[in-house]
There are 2 protein chains.
Amino acid sequence: MIRPDSGPPGPDAVEAAHVPMPPSVQAGPMAHAIFRVARLHRALAGQLLRRVGLHPGQELVMMQLWDHGPQRQTDLVRLLGSDAATMTRTIKRLEHAGFVRRRPSPTDKRATIIEPTEASLALRHQVDDIWAELEECTAGEMPEKRQAEAVQVLEEIEASLTLAATRLAQQQTDDPAAPPEGRAGRG
Amino acid sequence: MIRPDSGPPGPDAVEAAHVPMPPSVQAGPMAHAIFRVARLHRALAGQLLRRVGLHPGQELVMMQLWDHGPQRQTDLVRLLGSDAATMTRTIKRLEHAGFVRRRPSPTDKRATIIEPTEASLALRHQVDDIWAELEECTAGEMPEKRQAEAVQVLEEIEASLTLAATRLAQQQTDDPAAPPEGRAGRG
DNA sequence: TGACGTTACCTGCTCGAACAAGTAAATCAG
DNA sequence: CTGATTTACTTGTTCGAGCAGGTAACGTCA
């Protein structure tokens, strides 16, 4: 792997921030930017989704179901890049709210088929509107060309992260050497 | 809207991604991209931070303290764009882990000054390394120029989101008309 | 058929994040 | 000085996310 920058950044990295920008923050300009954009974006999504009574993340499940029809939980997990445990709980809440129904798979007794209810269809266009608004808020004053550029950049980053995550996962299964024993929390 | 698919998918689940790109997902390309990048990035950060016993988010607090020295909780909240309640708990955990100390403000009896402990200094370079690695993983094979472009795009998005969030907050304080009464959860 | 490993799902736990509500101190208005 | 408002922080609750552990159903291979 390349190490374009190891020590405290000199003039490279990011020079834009003329003065204060402390060393630690300056160290990872992309990381920091992603972090903040992510939080803002999620918060905004939460605000908008609140109108229709959904929590961020739930709308993704519903959209997936509306688009692709009934699916097993595992499929939802895989397609949304989520976690089985999280999906179990999210589905449970959506079912409780009446947006989703659960049905045992006829071919696999382990699996559960999730399907959107008729009631959920009323939500669909609202969610679509919300996502359109979210997209507007995200794009701001950007011209369309710039938006396309942004999407491209994001996809590039996604590819990098996916690769890194894969590599790191493999590395950890290969070498379960140092099992971390505790993190900062009630320690 | 359109009803591209209502019944159960033929070849079960999803067989491919090349063609379909469902309407809902297609609707908000940036939103979707941000969502996935955010989750991947956070997950990766979690993996790396796990080595030093920190949870994602905690390192930001520590970096802020290392860079700017002892501060009030409110300052941390404001600078990190976080929430007072979240900060209270995060600080509590960091204190419990021995990375942070709390001291009453001499000038304001309401305030608490947070300062990094000597023990935390051992963490500092590890966290710096982790952020460097995170930045590498995020950047991938991008040339430096492309990275700068990415940062610029992200900052542009951040500005848009900030503006939108501000506008939405104002709009809601002005017009507390329709108080949402319930969301999907244990409904 | 039976042992073994995998898969699909559930439960318990912790943590960050957000909202609501409350306390105490500081600040402002009369 | 008194009363109202703002500020700083705490606590309770819910939700998404992740890890760990457990169960039941599949698949395979001997």
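Is B:Asp67 buried or exposed? B:Asp67 is buried, at a relative accessible area of 18%. The legends below cover this residue and other sites in a predicted model.

**View 1. A salt bridge joins B:Asp67 to B:Arg124.** The closest N and O atoms of the two residues are 3.1 Å apart. B:Arg124 belongs to helix H6 (residues 118–139) of chain B and B:Asp67 to helix H3 (residues 58–68) of chain B, so the bridge ties together parts 57 residues apart in sequence. B:Asp67 has a relative accessible area of 18%, under the 20% cut-off, and therefore counts as buried. B:Arg124 has a relative accessibility of 24% and is partly exposed.

**View 2. B:Glu115 and B:Arg103 form a salt bridge.** Their closest N and O atoms lie 3.1 Å apart. B:Glu115 sits in strand S3 (residues 112–116) of chain B, and B:Arg103 in strand S2 (residues 100–104) of chain B. The two residues are twelve apart, and the pair links distant parts of the chain. B:Glu115 is buried, with 16% relative accessible area. B:Arg103 is partly exposed, at 34% relative accessibility.

**View 3. A:Asp108 and A:Arg110 meet through their side chains.** The contact is a salt bridge of 2.8 Å, N to O. A:Asp108 counts as buried, at 18% relative accessibility. A:Arg110 counts as exposed, at 73% relative accessibility.

**View 4. Salt bridges link four residues of chain A in a network.** The members are A:Arg101, A:Arg103, A:Glu115 and A:Glu118. Over all chains, a search of the whole structure finds 22 salt bridges.

**View 5. Chain A is built from seven helices and three strands.** From the N terminus on, the order is α-α-α-β-α-α-β-β-α-α. Chain A has 187 residues, and 44% of them are buried. Take the contacts in chain A between residues at least 6 apart in sequence: 49% join residues at least 24 apart.

View 6. The buried residues in H4(A) are A:Gln73, A:Asp75, A:Leu76, A:Val77 and A:Leu80. After H4(A) comes A:Gly81, with a positive phi near 65°.

View 7. In the interface, 92 residues of chain A are in contact with 95 residues of chain B. The rule finds ten residue pairs in polar contact across it, both residues at pLDDT 80 or more. On the side of chain A that touches chain B, two or more residues come from each of helix H1 (23–27), helix H2 (29–50), helix H3 (58–68), helix H4 (73–80), helix H5 (84–97), helix H6 (118–139) and helix H7 (144–174) of chain A. H2(A) gives the largest share, 19 residues. By class, this side of chain A has 45 nonpolar, 25 polar and 22 charged residues.

**View 8. A salt bridge between B:Arg146 and A:Glu156 joins the two chains.** The side chains meet at 2.8 Å, N to O. Across the interface of chain A and chain B, the rule finds four salt bridges.

**View 9. B:His41 is a buried residue, with a relative accessible area of 1%.** B:His41 lies in helix H2 of chain B. Its value is under the 20% cut-off, so B:His41 counts as buried. Leaving aside neighbours within four places in sequence, B:His41 is in contact with residues of both chains. From chain A, these are A:Ala31, A:Ile34, A:Phe35 and A:Leu161. From chain B, they are B:Leu134 and B:Thr138.

Definitions and conventions. Residues numbered from 1 in each chain as written. Chains lettered and ligands numbered in written order. Predicted model: local features only at pLDDT ≥ 70, side-chain atom pairs only at ≥ 80, totals over all residues. Heavy atoms only, no water. Helix = DSSP H or I, 4+ residues; strand = E, 2+ residues; numbered from the N terminus. Buried < 20%, exposed > 50% of the residue type's maximum accessible area, 1.4 Å probe, protein only. Contact = heavy atoms within 4.5 Å. Polar contact = N/O pair within 3.5 Å; in protein donor to acceptor, adjacent residues only side chain to side chain. Nonpolar A, V, L, I, M, F, W, Y, C, P; charged D, E, K, R; others polar.
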